[in-house]
Amino acid sequence: MAARTGSMTGLLCVRWWSSAPLAVGRLSLAACRRWAGSSADTVYDVVVSGGGLVGAAMACALGHDIHFRDKKILLLEAGPKKVLEKLSDTYSNRVSSISPGSATLLSSFGAWDHICNMRCKAFRRMQVWDSCSEALIMFDRDNLDDMGYIVENDVIMCALTKQLEAVADRVRVLYRSKAVDYAWPAPFSMTDSSPWVQITLGDGSTLQTKLLIGADGHNSGVRRAAGIQNVSWTYDQSAVVATLHLSEATENNVAWQRFLPSGPIALLPLSDTLSSLVWSTSHDHAAELVSMGEEEFVDAINSAFWSDANHTDFVDSASTMLRYVVTLLKPTRVSARQLPPSIAKVDAKSRALFPLGLGHAAEYVRPRVALIGDAAHRVHPLAGQGVNMGFGDISSLVHHLSTAAFNGKDLGSMSHLAGYETDRQRHNTALLAATDLLKRLYSTNATPLVLLRTWGLQATNAVSPLKEQIMAFASK
Amino acid sequence: MGNSGHQLTRNLQIKPREFNEHKTICFRSYNMTFSCLTRMKAYRSPWQNLYSTSQTTVDSNEVKTFLALAHKWWDEQGIFAPLHSMNDLRVPFIRDNLLKTSASHQQGKPLSGMKILDVGCGGGLLTEPLGRLGASVTGIDPVAENIKIAQHHKSFDPVLDERIEYKVCSLEEIVNDTAEVFDAVVASEVVEHVIDLELFIQCCYQVLKPGGSLFITTINKTQLSYALGIVFSEQIMGLVPKGTHTWEKFVSPEKLESILEPNGLLVHTVAGMIYNPFSGYWHWSDNTSLNYAAHAVKSSAQERPEPAAAALQGDAETLHANASSSRVNMKS
């Protein structure tokens, strides 16, 4: 053990000298930190790699868990600390739809209160309809409960940072720290090698942990280093986001989504006068949209929502026919198609685009490693489920780890990690497959498929229990 | 009983020569012991016993069996997998029963401030979870190799390193130094391996604080436990290494209770445990005919055990002094 420490100190010395020219500004600070740790690497109980929405929420949830009061948790974030002294008047263009299940998780460690105090918008109804036919599906809760909340990502991050600071004695956050290398423990053996995961940071320092949680996004370094297979493909689509001003102030508690042949366009309420746009379309069209003039852009959005250019008579008559049948069988309320509010202008500099793809890790866990969030699964935003799946992962993993900690178990043991994997793979695989299927189904205007999906959508809209099941699944 | 009856007569003929002073004590302990034919080997070299403590609960053949398996303790999918999996039952069992006795506890460290003795700790499979829950645990085992492995395994975790202490010894060897020290004594999967159960229980009583808890998990002595525990588990499925268990040494809950109660340990709970070899998980059960767990509490008042039992101290001098009290209590 002494020999190891000695050689490690030697190694750190060498690394320090070699990285000196690169890290001049932070040299003294880094040196102090390293010498303090060189006598023995700190053994953390949990290290969360990646401080995004999901990573920070994971560290927060563990930090606030009562069975983790005795444990040492570390959060590694490659970016700088984002401090939000005052909420800016302009809304950010990156927003997330938070399901009630996710809201419950966030309130379990006190972040939801911060979010409500800043800003968030609840929506009560969701209308999803086709551009090639009259078919539509309207989701709403009979009891007028909130279906979900639209919150800016920055607001969520700020709330999480506040709650992390509240448990700073248990959760240590290292900003501007990126893990560059991981060393996995050897499988059970009697050698002198450490049984913990060794992480090497960008500045050369090393630390050890009993459980490494990878929350580092869809290009996860943890997943790659662990050699976990990832099924992935890119969609030939990019999502364009923007903040839009409505023509007139309205109650604005409906989320709108229309499936165009090029991809779905969605309008998410932010306030009585503002909505957020998420328009998934081909790469070329997306680039065009982002670069065109503001008036042209607003026209494009309005026509995308309002125009019936893609309707064909054949499909229209077929859908009308089914509508009569449905009315006969179920003469109760028939939801007529409503039109979303018209857009007046777009916030300057709020247009941005990002590419879309699908990804799913073959395994979510390995001994001493677990993947959560986009590191485990990446989904199309059409169902608004991306971050909610990540929050669902957190709920499940925290539940398993909390029970394990209360039973005195070794946190990196596969017995409870496998439980988390089974729980979440079941849920996520279904959702991923459904989202991908929907995306492919709605990417065409070939008549047979249009007819199929028109009737399918109308039928689903008519069957309330089915709609309720879908809503329940999506709000977990 | 008939077979061991013969044993007893033979042993009685050999023993009194070597143990003149301890005649009464040996006579009594042999009645308690369920020896097999192989036990004869141990008594062929009585000189050994003279130099160490004159009474022992450690069976040297058991020591040999566990020595061969020592390096496999921490392989969670290996031969000791059922024991790893049993932690899911026994740790909550110990934790919850101890939490009932203590008024306040720190969150995150439910057992902090408690001193626990893990007798027959093996590789430390149960010792480490108890340490993680905040207790100061002393783990003892007569097999030096086991302690070496346990020591090695905990050395990597700085928190456990501080909270856990391991010693190579048997229970009776530490009885004098640690009288009334421990809040809890854990003897998990141990009593079916000891020679002298009565002595063992008495030593447990002595090291416990008044009001302290004794936790035992063991295997019942029934036809079912022979069929499943020995034939199926050892010989057919290989779930347990061959020779680990001897059916004659299994202890029924009634027998255990009959030893605990007169020795000042009041039984609070007896619960059955069932192992599912296909899923690898244990479950609680109302049926105690296979494995079971027992929780007994040392009386807080000064109820003395019977005088004859007091003579069975592990100390040679005390034995000398008490040898004259020849009250032999023939219990079977």
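Predicted model: local features only at pLDDT ≥ 70, side-chain atom pairs only at ≥ 80, totals over all residues.
Close-up 1. The side of chain A that touches chain B comprises nine nonpolar, eight polar and seven charged residues (Ala, Val, Leu, Ile, Met, Phe, Trp, Tyr, Cys and Pro are nonpolar, Asp, Glu, Lys and Arg charged, and the others, Gly among them, polar). Three salt bridges are counted between the two chains (a side-chain nitrogen of Lys or Arg within 4 Å of a carboxyl oxygen of Asp or Glu), including one that joins Arg163(B) to Asp70(A) at 3.0 Å, N to O.

**Close-up 2. Extent of the interface between chain A and chain B.** Contact, meaning heavy atoms within 4.5 Å, involves 24 residues of chain A and 25 residues of chain B. The buried area, which is the accessible area (1.4 Å probe) lost by two parts on being put together, summed over both, is about 2,000 Å², with 54% from carbon and sulfur atoms.

**Notes.** Residues are numbered from 1 along each chain as its sequence is written, and chains are lettered from A in the order in which they are written. Local features need pLDDT of at least 70, side-chain atom pairs count only at pLDDT 80 or more, and totals for chains, interfaces and linings use all residues, while side-chain values use heavy atoms, leaving out hydrogens and water.
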